[in-house]
Structure formats: C-alpha cells, structure tokens
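Let's take a walk through this model, one spot at a time. Have the chain open beside you as you read.

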Amino acid sequence: MAKPTPYRPAVTRQPLPKSFKDLTPAKHFNPRTFFREMVWKALLTRRIGESREPTFPRLKQGQVSVTWIGHASFLIQFTDLNVLIDPNFANWLFLLNLINRCGLKLEHLPQIDLVLLTHAHYDHFHKPSLRRLPNPEIAVMPWGMGDLAHNLGFGRIVELQWWESFSHSDWKVTLTPSKHWGARMLRDNHRGYGGFVLEHQGRTIYHAGDSAYFEGFREIGRNCRPEIALLPIGAYHPESFRHVHMGPDEALKVFKDLRSRWLVPMHYGTFRLSFEELDEPPRWLRELATEQHVSKKLRILDEGIPYVF
C-alpha cells in the first residue's frame with residue numbers, strides 16, 4: 001500500500017492565556033493543585049535508580065539493541081548505526097524534580113549517528129543534553145523545529161512533515177502523525193510533532209513520541225506495521241490528561257492497531273508529570289497484558305540495560 005501524501009495540520013492562532021489552566025492544552029489544573037501534586041510530592045519523593053556503565057552487546061547483522069535511558073529516551077543500536085531518540089539527561093525540568101535517575105550517563109554513550117526528536121517539549125527536546133552530545137551527525141525532527149536545533153552541534157538538520165521520509169545510506173526514517181501538540185512556548189504553535197518509524201537491516205522500530213489514542217494508529221499499522229513499538233503509558237490521570245497522553249489500557253489498543261510483535265513501554269516513572277502513582281503504569285500494563293493474553297509480547301525494560309531483539 002502506498003503511503004499517504006505528506007501532511008501537517010493547519011496552524012490556528014491561539015488567544016493569550018487568561019489563567020494558569022490555559023497554559024496546558026486540556027486545561028488540567030489550577031496553580032495550587034499543580035504545586036501540590038507535581039512539585040511538592042516530587043520534592044518529598046526520594047530519588048531512586050542508578051546510572052550504570054553499560055555493556056553494549058556485540059551485534060550480528062539484522063540484530064537491534066534497544067536501551068531505555070529513561071522517560072522517552074532510547075538508544076537504538078545496529079551493527080553500523082547508533083540512534084538516540086528524545087535524549088534527556090536532566091535532573092530537573094524547571095520545578096519538576098527527577099524521580100528516577102537515567103539508566104546510563106551521557107558520557108557512556110557511543111558515537112551517535114542519528115538523533116530523532118519527536119517534538120519541542122522540554123522533556124523530549126532538552127537542549128543541555130543535546131548540546132553535550134559528541135558531534136552527532138544528523139538530527140531529524142518535525143517541521144518548524146529546526147531553529148531550535150541550530151548551534152547544538154548537529155552536522156545536518158532535517159525537518160519532516162507527517163508521512164515524509166528521509167533516507168541516508170541504507171536506513172530510512174518516517175515521521176508519523178500523533179495526537180499531541182508541538183509548541184515549546186506560549187505562541188509558537190507552528191512547531192510540529194509526531195512519532196518516528198525507523199527502518200534498517202530489515203528491522204522496523206516505532207517510537208510514538210507523546211500521543212493520546214486516535215484512529216491514526218491504525219493507518220500507521222497499515223502502512224508501516226512496525227515490529228517493535230515503543231509506546232508511552234504514563235501521564236494519564238486525571239482523565240483530562242488523556243486528551244494528549246494515553247495510559248496502559250490505550251497503549252495496548254495501539255499495540256493491536258499497529259500489529260506489532262513487541263511492546264516496549266516508556267514515558268513513566270522518571271518525572272512526576274501527572275497524578276497517578278509512579279509505579280502504577282507498568283503494574284497496570286502487566287495486569288492488562290495478562291488478561292489480554294499478550295504478556296509474551298511485552299518487554300518492560302530496566303533503565304540502562306540493553307535488550308537485543
């Protein structure tokens with residue numbers, strides 16, 4: 001089946017915010033609730049986890065190693081290609097305290113050939129982390145983000161629209177739609193957002209970025225049918241958060257829409273970005289996977305430990 005014509009949603013001019021609630025697309029909370037649930041509770045939570053020097057596997061042609069760094073950050077490795085997705089090594093995001101340390105330190109990374117950035121939000125596009133990468137060759141991102149990436153050390157910056165692809169050597173990456181938003185500040189809603197499908201050595205890996213559930217996942221499944229699906233499962237409570245995020249229940253629905261072989265969860269347990277308990281998303285995901293008889297397809301990774309598919 002031919003892939004759809006590249007497309008990006010229309011940009012609508014947003015009014016200036018009248019209150020704190022208007023600073024979030026779903027108008028989630030008032031300042032008191034935000035401070036209590038996401039700042040104060042995080043400050044009272046003891047930081048856990050430890051960074052470890054990884055032992056990267058010796059791969060054979062066609063094997064792919066996936067290392068979850070934490071949150072939405074991944075290192076994807078082939079025999080001849082090292083890819084970073086949404087790298088974030090921060091201890092703080094403004095007032096938000098890191099709860100679970102990154103699984104590996106930035107200095108433990110191998111030479112990076114490709115960086116994929118799904119959107120401009122600070123927990124996915126972290127400039128201090130990107131600036132410290134040792135001369136990454138290529139950065140691929142959605143439309144309208146290139147100006148943010150200049151002077152960060154990339155050899156080449158590529159912007160894509162939905163369903164556009166970029167190929168280099170014998171790998172290809174395609175930007176796919178999502179249900180989220182891309183503005184970094186209040187008024188720059190011209191910036192794009194989405195997920196990526198990476199194809200190399202006969203393997204296909206999908207990183208959904210941030211997204212609520214929407215029918216577009218079926219189209220991604222029809223056109224790409226990614227073998228390995230990296231899907232977000234956190235930041236879903238209260239219910240209004242589901243306008244832009246999804247929980248384990250919807251992630252399993254996405255997994256079936258994609259018709260993937262493996263489900264790797266992400267976007268939980270690192271920063272307190274919502275009101276559910278930090279250990280709830282993976283626990284609930286395991287329960288649902290058992291009920292739906294897909295436990296053998298679930299791979300919940302430990303931060304900093306490579307897993308070979």
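Let's begin with Ser169, which sits in the loop between strand 9 (165–168) and strand 10; helices (H or I, at least four residues) and strands (E, at least two) are DSSP runs, numbered from the N terminus. This is a predicted model, in which local features need pLDDT of at least 70 and side-chain atom pairs count only at pLDDT 80 or more, while totals for chains, interfaces and linings use all residues. Residues are numbered from 1 along each chain as its sequence is written, and side-chain values use heavy atoms, with hydrogens and water left out.

Ser169 has a positive phi, near 55 degrees, in a residue other than glycine. Its relative accessible area is 69%, so Ser169 counts as exposed (exposed is over 50%, buried is under 20%, partly exposed is in between, with a 1.4 Å probe and protein chains only). Ala235 also isn't a glycine, yet its phi is positive at about 70 degrees. Ala235 belongs to the loop between strand 13 and helix 5, and it counts as buried because its relative accessibility is 3%. Pro238 is found in the loop between strand 13 (228–232) and helix 5 too, and the peptide bond from His237 to Pro238 is cis, with omega near 10 degrees.

**Helix 4 and Asp257**

Helix 4 (residues 216–223) has Gly216, Phe217, Ile220, Gly221 and Asn223 as its buried residues. Those buried residues pack against strand 10 (171–176), strand 12 (203–207) and helix 5 (248–258). Asp257 has its place in helix 5 and counts as buried because its relative accessibility is 14%. Leaving aside neighbours within four places in sequence, Asp257 is in contact with Tyr213, Phe217, Arg218 and Gly221 (contact means heavy atoms within 4.5 Å). After helix 4 comes Arg225, with a positive phi near 40 degrees.

**Aromatic rings**

The whole structure has 10 aromatic pairs. Rings of Phe, Tyr and Trp (its six-membered ring) pair if their centres lie within 6.5 Å; planes under 30 degrees apart are stacked, over 60 edge-to-face, and the rest tilted. Two of the pairs are shown here:

| Pair | Centre to centre | Between planes | Type |
|---|---|---|---|
| Trp143 and Tyr193 | 6.2 Å | 45 degrees | tilted |
| Trp262 and Phe309 | 5.9 Å | 55 degrees | tilted |

Trp262 lies in strand 14 (residues 262–266) and Phe309 in the segment after strand 15 (307–308), so this pair ties together parts that are 47 residues apart in sequence. Both Trp262 and Phe309 are buried. As for the other pair, Trp143 counts as buried at 5% relative accessibility, and Tyr193 does at 13%. Ring pairs also link Trp143, Trp162 and Tyr193 into a cluster.
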